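Here is a short note for a colleague who is meeting this structure for the first time. Please read the points with the model open beside them.

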Amino acid sequence: MPSYNHTANGVNMTNLRSLQGSKNTGRGGTYRAPYEWTLESVEQMGLGATENRMSSTLRDASSQLQAVASATVANDINIVDRALTTKLGQTESLKNMLEACLAEVITEIAELLSTKKRLEERDAKVQAKIGVNSSRMTVRSSRPPREMTMDDVEKGLIKQQGMLGSFSDRVARAIAQVDREVSQLEAVRAKLEADLRDKAEALRVDEAVLSIPTDPSVEGTLSPGFRRGAGDCSPKTPHTWVRGTEDNLRNAHHWLADSARLRKAIAHAVANSRATEHDVANRLNENMLAKVAATRNLREDLQAQLDKVREEQARAKSQRTALTVALDDKRGPLAQARERLAVRKARPCRETVNDEVETALAKEVAHLAAVTQQLSDKVSAVDREIAALDATAAQLEANIADKDDALRVDERVVLLDGRINLAQRPPTSVASFAVSDVSAPRTQTLARIRELEASLTSARREREAMESSIRQLRDTLGGGGGAF
């Protein structure tokens, strides 16, 4: 096919037209030869046919170009639309992931703040318990010196104070760690929100781009809001664009996992500490009640022994009175016998004979003097025993007074947690589980029973020793009275 503006033989049509225009057409009154006249028509007909072919060629080429251009434009539009649709899908997918991750971050921040609030409430309860424990130790330090013993209650208070202080320190560190975690998550949240805003704006812009019609009249009519100033930022590669969002998501998931681990560790630590705290509080409550019961029982035993000592004092004083009366009764006959013996010595020398009368008088004087001395010794012994009984009674009374003071102090120590009476369960702010609900391990219970039994055995032995000494005194007094 000849190219445009050329004949089938390759003659340039523009040049050919200029040559034809410069030929003589026979005008101006001149004659031409018939051959030229015929040749002119033939040439013009050939030129017309050539022009027709050239026009047909131009039309065919134009039609082909138009078809190719239409197909190319349509294909380009389809490619752009597909790219925009794909891009919108990718952006929408990233936006959805950002929204889901942002929701998780916001939820995790709320969970951390809730955990912090629970920790602060827990710390307030622990501080209240520390205050109660300190008050108990202060009140218990006012016991009489006799009652200042390092018993199970004192050991339990010291142990509980150390345990509560340690737990309070751990709670403070946990709160600080939660604050740092919240700060990190807030930074992650800010990045996610900024990325999410950019994704939403990109979706809006791409949707606007996708909705632009194929109308030349809309060129340059976009809103200024869609036109970004030159030099704001350099374009990124698709990989970099996706990687930036993925890095934000990966960082968010890292801190979410770290926060979840922190909350789990805090919950585990709080649960363990609460169980330990309850166990220590329950054992302390058991020890305090056991101490009150032991003090009360020992006080009753001391009172019973004091009553017996006082009874023995009364009997000893009665016996002393009887001995004193007997001694007074013997002084008259002794004086009479001595006077008789002295008067009888006034007989004449001839009559001074160790006869039966003299012997009887001397024997009577000796017997009465011995009996009087024995009665006097018994009175002194009874006086000494009465003094010993008085001292013992005074010691018992002082011990009972100390036990009364210790009992009041120990009862006050028990009631410092807000209980109305000793039979009431400990309040939940101090021990969430009552003694009857959560019993101590069996070995600890048996050990405590053995300790109480040993204490009662020791008190019983002391009482038996005191009763034995009183019986000996009674026997001694009884033996003295049997001589009469």
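1. Basis of the note. This is a predicted model, in which local features need pLDDT of at least 70 and side-chain atom pairs count only at pLDDT 80 or more, while totals for chains, interfaces and linings use all residues. Residues are numbered from 1 along each chain as its sequence is written, and side-chain values use heavy atoms, with hydrogens and water left out.

2. The chain as a whole. The chain holds six helices and zero strands, where helices (H or I, at least four residues) and strands (E, at least two) are DSSP runs numbered from the N terminus. Of its 484 residues, 27% count as buried, that is, under 20% relative accessible area with a 1.4 Å probe and protein chains only. Among contacts (heavy atoms within 4.5 Å) with a separation of 6 or more, 83% are between residues 24 or more positions apart.

3. The pair H2 and H3. Helix H2 (residues 34-140) packs with helix H3 (residues 152-210) at an angle of about 165 degrees, and their axes are 6 Å apart; axes are lines fitted to C-alpha atoms over the stretch in contact, and angles run from 0 to 180 degrees between N-to-C directions. H2 and H3 are therefore roughly antiparallel to each other, a term used for angles over 145 degrees. The residues of the contact of H2 with H3 comprise 34 nonpolar, nine polar and 23 charged, with Ala, Val, Leu, Ile, Met, Phe, Trp, Tyr, Cys and Pro counted as nonpolar, Asp, Glu, Lys and Arg as charged, and the others, Gly among them, as polar.

4. The cores. A nonpolar core is a set of buried Ala, Val, Leu, Ile, Met, Phe, Trp, Tyr and Cys residues joined through side-chain atoms within 4.5 Å. The largest has 29 residues, and those with the most contacts inside it include Cys-101, Val-105, Leu-185 and Ile-266. H2, H3 and helix H4 (238-344) each supply at least two residues of this core, and its largest share, twelve residues, comes from H3. Beyond residues up to four places away in sequence, Val-105 touches Leu-185, Val-188, Arg-189, Leu-192, Ala-252 and Leu-256. A second, separate core of 15 residues includes Leu-302, Leu-306, Leu-327 and Leu-396.

5. A residue of H4. Is Thr-245 buried or exposed? Thr-245, which lies in helix H4, is buried, with a relative accessible area of 1%. Leaving aside neighbours within four places in sequence, Thr-245 is in contact with Leu-94, Leu-98, Asp-195 and Lys-199.

How values were computed: Parallel < 35°, antiparallel > 145°, perpendicular 65-115°, else oblique. Buried < 20%, exposed > 50% of the residue type's maximum accessible area, 1.4 Å probe, protein only.
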